[in-house]
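Subject: Structure handover

Hi,

Here is the structure we talked about handing over. Please open it alongside this note.

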Amino acid sequence: MLFSILLPTLGLRYKETERLFASLSNQELKDFEIVMVSQINHEDMVQLVEKWSLLKIKHIRIQEIGLSNARNIGLKQCQGEWVIISDDDCWYPQNSLADLAKHIKESNADIVLSQIYDPISQQLYKSYQNKRLTIKNKFALLSRSSIEIAFNRQKIKHDFDVNFGLGARYICCEEVDFLLNNYNKNKVISLPIVSVYHEKKNSANNGQIIAKGALYNKNFNIIVSIMILVRDLIFKRENNFKYFIIGYKDYEGLRK
C-alpha cells in the first residue's frame, strides 16, 4: 500500500469529516487507507465509517485527549509506505494523491511538504515558493502546517512530542517540532503543488505564541530565539516578546 491517511479527531465534526471522506473517495489514485483515531464521541465516527464502508478505514478508539498522542497511536497502525497527516476539517483535490505519488517518485524524497489552498476565500493558505526545492536548513521548516506533511514511514525515527499540539501543555507547534526532530539524515522536499484544501485561519493567539517560545527553547538557543522575535517585530510588525518568553521559560522548567 502506498499511502496511509493519518486522521486524529475528537469526533465532533461529523459534516467536515464526511466532506473529507467524500474527497478521498473521489481520488484518482486508490492505493490508500485511512487510519482514524477518535478521542471522544466515538459512536458518531462509527456511523460515519459504516456509511463510507467502500473506503478502507481503520478506526482506533482511545480515551485520552491529545493530538500528538493520537497521531503517535495511529502511526503505529499505519501500513502505507507513506503517511499523509490529515485533519478532520480539511479535504483533498481529486488529483491530490496521484500528484504526491508522482513527485515522491521523481524527487526520491523522505519527507515532502506541499501547499494548502482555501477554495472558500480562493487564496493560498500562506506564501509558498513556485518551484520544487530541497530544504537545506531547519529554518525553512518553521512555518509549515501539519496537513502539508507526508513522510516515508520507515525513515521517521522520532514520534510527535506529546507536550505539543491541541490538548497538550502547548497548543500547537507539534508539526514543526516533528519536522525538526526528523530533519537530519532525511531528504526533505518542498513541492509547488496544492495537495489539500482548508479554510484559512485567523492570526496567532497568545497560546500559540507561548507554544512557539517552548518550541524554540527545545530546538534552538536564546540567540536564535531573540533574532526570530526581532525579525517578527521588524518585518511582520508583531511584538511577540511577552508571550514568547513565557513559553520559553515554561519549557525551561519542563526540562528540569
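Below is what was found, grouped by place.

First, a caveat: this is a predicted model.

Helix pair

Start with α5 and α6. Helix α5 covers residues 174–181, and helix α6 covers residues 206–219. Their axes lie 10 Å apart, at an angle of about 15 degrees. Angles under 35 degrees count as roughly parallel, so α5 is roughly parallel to α6. The crossing of α5 past α6 is right-handed. On the α5 side, the contact is made by V176, D177, L180 and N181. On the α6 side, L215, K218 and N219 make it. Sorted by class, the contact has 3 nonpolar, 2 polar and 2 charged residues.

Positive phi

C173 sits in the loop between β8 (149–152) and α5. Its phi is near 75 degrees, a positive value in a residue other than glycine. Is C173 buried or exposed? With a relative accessibility of 11%, C173 counts as buried, because the cut-off for buried is under 20%.

Q122 is in the loop between β5 (111–118) and β6 (123–124). Q122 is not a glycine either, yet its phi is positive, at about 55 degrees. Q122 has a relative accessible area of 61%. That makes Q122 exposed, since exposed means over 50%.

H59 in β3

H59 lies in strand β3, residues 57–61. Which residue does the side chain of H59 join in a polar contact of 2.7 Å? The partner is S38, also through its side chain. Leaving aside neighbours within four places in sequence, H59 is in contact with M36, S38, H42, M45, V46 and V49. S38 therefore turns up both in that contact list and as the polar partner of H59, because contact means heavy atoms within 4.5 Å and this polar contact is 2.7 Å.

V194 in β9

V194 belongs to strand β9, residues 188–197. V194 counts as partly exposed, at 27% relative accessibility. Not counting residues up to four places away in sequence, V194 touches P93, Q115, Y117 and L124. How far apart are V194 and I149 in space? Their C-alpha atoms are 12 Å apart, while the two residues are 45 residues apart in sequence.

Over to you.

Best regards

Methods. Residues numbered from 1 in each chain as written. Predicted model: local features only at pLDDT ≥ 70, side-chain atom pairs only at ≥ 80, totals over all residues. Heavy atoms only, no water. Axes fitted to C-alpha atoms, helices over the stretch in contact; angles between N-to-C directions. Helix = DSSP H or I, 4+ residues; strand = E, 2+ residues; numbered from the N terminus. Parallel < 35°, antiparallel > 145°, perpendicular 65-115°, else oblique. Left-handed = near helix turned anticlockwise from the far one by under 90°. Nonpolar A, V, L, I, M, F, W, Y, C, P; charged D, E, K, R; others polar. Polar contact = N/O pair within 3.5 Å; in protein donor to acceptor, adjacent residues only side chain to side chain. Buried < 20%, exposed > 50% of the residue type's maximum accessible area, 1.4 Å probe, protein only.
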